[in-house]
Each structure stands twice: as C-alpha cells, then as structure tokens.
Amino acid sequence: MSISSAVHSADHFEAPTLTTKVAATTPPLRWEDAMLSGNGTTGIMVLGLPVQERIIVNHEKLWTVGNDYRPETPDLGEAWKEAREIALEGRYLDADLLVAEEAVRKNQAMYGDQFTGRRPAYDRTHPAFHLEIITENNGTPLEYRRETNLETGEISVTWQDNKGAWFRRAFVSRTDDVIVIELLAPAGEEFDASIRLVEAPGKLDGDIAGIDIDHTGSEVYYHATYGRRMGKPQPEGYHALARVLTFGGSASGVADQRLDVKTAERVLIIMRLEYLDDAGKADRAALRKQLASLPASYDELLAPHAAAHGEMFRRVTLDLGGPTTSTVSSEQLIAAGLRGESLPELFEALHAVGRYALTCGATGELAPSLMGLWGNEWTPPWDGRYTFDANLNLAMAGVAQGNLPEVMHTYASFLQRYRQDWRDNARRLYGAEGAVTDLCQGWRHGAVLMPAFAWTGGVGWLASYLYDYAVYTGDEKFLREHAIPMLKDAAEFYASFLPMHPELNDRHVFYPSISPENVPVMEPVEQTTNVVPNATSEIAICREVLTTLIAACRKLDIESENIKRWEALLARLPDYGINSDGAIAEWSYPGLGDRYHHRHLSHLYPVYPGREVSPQRKPELFEAARIAMQKRIEAGLGNKSAHGQMHAALVAARLRDAELVKQILNYFARNRYLNSSLMTGHNPGPKIYNLDATFSLPGLLMEMLVQSDPGEIELLAALPQDVFPKGRIRGCLARGGITVEELNWNTLMGWVKVTLHSEEAQEISLRFGHHLRFVDAVDPARKDAVTTVGRGLWKIDLPAGESLELYCRY
C-alpha cells in the first residue's frame, strides 16, 4: 500500500467523536451545578428547575466596594533601605516587620480612623439579580434533561409531565448583547406563568444603597445603585430591562410584584443588562428602544450569535479517541472518572468545556477572575478577585496556542488598566522606575500595603503571555503595542531596583523577593518569613523579561541603547541554585532551605511557563527541575487545590513526563473537582466555585500533544499513550506562525499523521515524544521537504501559504 492510500484508509482514520454538548439528567441541588452561557460581558447561570426556574444574571463589572477607602501605596522607600541592612544579617522577619509597621503608620496618617491596621478587604464580585419563572405543577417531571450546547452557547431544559413535553432554552447573544429566553408549552397546550426579577440574597449592609424593581405591562425592570465610599455616595450601579412577548396569550404586571402570563403557547424574554458609571443617569427608555429594534424571534436572534460564537469555539477541536459523549450525562461521566474510567471521554469534554468558558467568559473588557464571569455570592471566597501569582496566569495557559485572539486582546487591555497603579507601586515602595504588581487584586485599586504582598515578579509573569502570543502568531502590531510596553515596565523596574542592593559574588540580589506563596526552611526559625532574598522564580522571571524584551526590540529594530543596558543587567543575574537533593532550589541564597509540601511551583518557572530550560538547551538544569518536581509530588502538592494540580501537570508536560501527567489527570478525575455542569471547584468536593482548572485544562491537553519554539516542534511530547492511545487535535498553533491543522495519532497501530501550515516559508526541526522511525510527506511530489537529521529528528521545509501533510511511523 502506498503512503498516500495508507493515510486515507478508513482502517486508520475514524470519524471524530467531538464533545459538543454537556448534559445532566438530574435537577441541581446547588447553584454551583448551574449551566453557563455568556458573551464575555454578560453571563447567566441556568439552574434548570422545571416548575420554579431560577436564572442567575451576572456582569463582568459588578464588584462591590469591599473597603471604606481607596487605598494608595504608602511611601516605603526609606523603610526598605533600612530593611535591606537588617536582612543582610539574616534577620528577615525583623526586616519584614519593620516595613509592615511603617506601612501601618503611613496609612494611619493618610486615612486616620478608617485604617484599622489590617489590609483592607478587596472589592467583591457579586451577582446582579435572579430571574424567576414559575409555572404550574402538572405532575412529577420525568425524562428530565438540561443541556449546554457548546457550539451555540445555548442552554436547554426539557422534561415530561402530565401535559406532555416541555422545552425551555436560553443564551446570551454575542452580536446583540442581550439575554434571550424562550418557554414552550407541550404541543397543543397552553400555560400560565409568573415572571419576576428578585434581588440575589446575601448582600452586606452598605453594598447597595437602593434597588428599584418594576413589573409593568409586558416588561420588567431592575435598577441598583451601589453604597457609599469614604462617607460619600458612590455613583455607580446597574440596570436591566426585559421585554416579555407572549404568543397565544397575554402578559401583565401584578401589584409590582411580578408579571403574570396567561394561556400562552410560547413566551420569549429579551433582556439587556448594563453597568452604569452613574446610576442616576439610567435611561430605561433607551433600553426599551434598543430591545424593540430586535426581532421578536428566538431563532433570528440565535443565528448571528451562534455563527460568531461557534466560529471561535471550533477553531481548535480535540478528539481523544473515546466513544462519543453525546448521550452520556455529566453525572455518568463524573462517576466514571471517580472510578478511574472513561478518561478519554472525560478530558475530551473538559477541553471543550474549557474553550467554551473562555469564549463565553473572557472576551469582554475584563480578564476572567477566580469564578470567571459567573457566581452567586456577595462574599465569595477570596472575594472572587484576580490573583496574579498563578490563577489568572494559568487561565491564560492555552489562549495563544488555542487560537483565541479575542481572549488575549481582552487580557492585554485588562493589564493596561492597572499599569499606572503598578507604576505608582514601584515608585512609592522602592523609589524605582517601572512597575510592581500585587499578588492579588480587586477591581478598583492596585495598592500594595504589606510587604508580603509586594511581588516584584508579577508584572513580568503577566507580560510573558503577551510576548508568547506574538511569538505564536507573528503579530508585530500586538508585539509593539502590548507586549513590549509591559515588558519594558518590568525591565525598567529591575534596572533601577536591583542596583539598590548589595551584591553577592558580583551578582545582583533580589530583596525583597517571595516565592508565592511558600516559606523557606531557615535558621533561626524565629526569623522565618516569606520575604527573603533571591526567590528562584523572581530570578527566572527577570531573566525571561530581559531576554524576550531584547529579542522583541531587535526584531523591530528599536531601543538599541536600552538593549545595551538590559544586556548588562542580564549578565549579572544570579545563577539558579541546586540543593543537596540535586533539585532546583526554590531560593538561590545561603541559609534558605526548600519546603516541598506546597501547591505552588513558581521555582520551576524556567521550565513552565518559561521555556529557558529544556532537554536540548539546558540538560543539567532540566534534570534538576525533574528532581524538584518529583520532590513536590512525593510531598503531596500542598492543599489539593485545582490550580496546584493543573500547574503541576503543565510542568510535568514540559518535563516530557507522560507518566506524571497521567498520574495527575487520574488524581483530578478521582477526586471530584467537577460540578455537574463540568465546571470546576477549587478543591475536591467541589465546595468552592472556581474555574482555574476549567480555564487551564485546554492548555494542559495541548501541551501534552504539541510543544514548540520558533523553528522547533515536538509532537506527542507528554502523551500517556496507555490512556490516550489514539486521537486527533485540529487547529492549534505552534510558535513561529505555524498552524497544526491536524495531528492524528494511533499508537496501537503505530502511526501518526500531521498537517502543518505556515504563511511564510520556513525550516523547522521536528521531534516526537514517542520513538517514531520514519517521517514522509504524503504527497510524493513533496518528498524533498523531509530530511532525516538523526535518530528521532527531522528537518521539515514548510512552503509559504500551503499545507504540508506528513505520515509518520514507528
């Protein structure tokens, strides 16, 4: 059989069984199990209760004021100078307390009695309100099913009762920015219903100054004004108007408590929710006019939205070779995972759900917070905020490779919002140029008030995803406008911050530095704190910032004088330490020992998310990183947080450790991190609603299959072939402007097929994580495009603007 005929044989290539729906067959007992839809700005959580439906309505900008004042970073430059001298004596806690006490004094001077001596609470994300739909009870609901169509963004609920089959569906339109809900009675039947907007329970005193709800005629209206800040009214708020259309019946308001629907065959609700910079300028009439201009047809409203949403969702698809999940409920899938079964079906579904969540929840103005766009609490864990030392970072793990530029542009504009705050931090904390971020951040402030939260590496880590996106796509405009400015902020901070410190062995010292959120083993124990010199992650981030910034500026032929300064700084960075176990040390400074039992792996930044250490580039450090990872796993990875599991798996993938990737995926499946919507919790349970794992799983599964650098691609780099012996991924990107149009593998039959596309002619090196022996072009006319360089290494000449199909055998 010729290569060409073998590639296209039905024996080799089966039709893909892609996950496009998530379905549950039991009504939810918890709001966390609700199905999600969103357009990046507005979101809904549909519980799917047959008789008394509740839909939680969210908006990305709804954050309460969690403190009584807007904090500013106090001037602590002189305090840090004194602290450095104390820290040189090994008195790290004394130095830490000195700065903390000075911060308290400065804040008391600025804010008086409003400052309690503690870090103020963050702003808190919260739901807008609930939409309740109550229909008559016609007997026990049977054949119940609620479903999310991942390709269209629709949520549907169906059940049978004494009257027949009921159907309800909803989505949030990306093209018209409205929530659309349709209620359908059984064929030949009519129904009565009441519709009302109600306050989401749980708010604290002062969160909201006033709420007005009106159910009049055929519309319902909700208007909220936030509470007070520093004794003054806060102008912001939000409002929403819903147009209720009945078909075969009527609707009317009842005593301003609800809107009653009578004898309808079908009901259509079209709602728009708006955030208001000034709640006093709410324009209900304008909302009414906007809604009236839209078609009174669910299908007509759905069509343009589904096209836009579906195009984004389908750019990358993953089939992991299991049976189709279209008829398997999420409850069954979760139960199988708990038994360690059906992992191909489960993780294929989680890849699709992760892409869906990013498409629905991270394409507005703000990056995804801990709960994404959604939630139903006024005081959620960690305030539902942004955390910059792993959580938001991991949410971006698969965005560039997953070909989601909309999400990346949202992320870039989000970082831009904070740049001035971060510059103020650098100036006030250290008297330095550039920018310093906090570990954690709410919506309205960027202040750093305590030394343990002064993280000098934050801006660099956040900026790395901007640069990486430009490397994946070749987008020079994005590189110039977004990546380089943020990298320069980080570099200019280091350029002014590091020379302030005494040097060690002619190398700069990073102090203060932290390794989020761990603490070293040290003597004397009385001086234990997490603010110590030379956290390895800080060194690695600085090295990456300078290296990538220099490369970017050379590419664009700019900043020639600054490049010389940055190169000189780069040459004087400390080396990474290797501890007595042979592992990369978490702190590269004398007297600071490793504490392995922890969920964060920031010290492995040179492996992931950085690309400094690989088997080819730095094999000795690669081995030290492998040992460090092994020690973390042996110690139990800390508190079982989902983000810790995902971070560990992403590092394992970069270490090409397929067995460890399998171990972590098995652990994740067996420990119930999943709600029945297949959205994740923070810990096993899942007791805390948190989408860290949801957002990062697509990145992990792509890293398992495709790793790259400009001019280099490694396929099946960390594939556990006993778990995923066959499968197919389509559409993911590789660095250097390459699209992996298709990667299809069947390790049981001993072959791999890959199709690569590049808009520019280029030569790449091709490797595999498994020991393939032969690589050939499928088209005989393209035979010269493949050259064997050595065992397991091939040179591939990619043509400009054409696809090259390769057939690879064991």
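I take helices (H or I, at least four residues) and strands (E, at least two) as DSSP runs, numbered from the N terminus. Residues are numbered from 1 along each chain as its sequence is written. The model is predicted, so I keep local features only at pLDDT of at least 70 and side-chain atom pairs only at pLDDT 80 or more, while totals for chains, interfaces and linings use all residues, and side-chain values use heavy atoms, with hydrogens and water left out.

Entry: helix α15.
I looked up α15, which runs over residues 642-654 and has 13 residues. From first C-alpha to last it reaches 19 Å, close to the 18 Å expected at 1.5 Å a residue (1.5 Å times one less than the number of residues). I found 13 of the 13 residues of α15 buried, so the helix is largely enclosed by the rest of the structure. Buried here means under 20% relative accessible area, exposed over 50%, partly exposed in between (1.4 Å probe, protein chains only). Just after α15, I noted that R656 has a positive phi of about 60°.

Entry: the five-stranded sheet.
I traced an open sheet of five strands with mixed pairing, in the order β28-β29-β34-β37-β36; two strands pair if DSSP finds at least two bridges between them. At the edges stand β28 (706-709) and β36 (786-790), each with a single partner strand, so one side of each has no neighbour in the sheet. Neighbouring strands are turned by 25° against each other on average, direction ignored. Axes are lines fitted to C-alpha atoms, for helices over the stretch in contact, and angles run from 0 to 180 degrees between N-to-C directions. I then saw that helix α17 (residues 692-705) packs on this sheet, touching β28 and β29 (712-715), with its direction at about 75° to that of β28. Contact means heavy atoms within 4.5 Å.

Entry: nonpolar cores.
I define a nonpolar core as a set of buried Ala, Val, Leu, Ile, Met, Phe, Trp, Tyr and Cys residues joined through side-chain atoms within 4.5 Å. The largest has 244 residues, and F347 and L743 have the most contacts inside it. Leaving out residues up to four places away in sequence, I list among the residues that L743 touches L705, V706, L715 and V752. A second, separate core of 15 residues includes F171 and Y221.

Entry: the seven-stranded sheet.
I followed an open, antiparallel sheet in the order β2-β3-β4-β7-β12-β19-β18. Its edge strands are β2 (35-38) and β18 (250-254).
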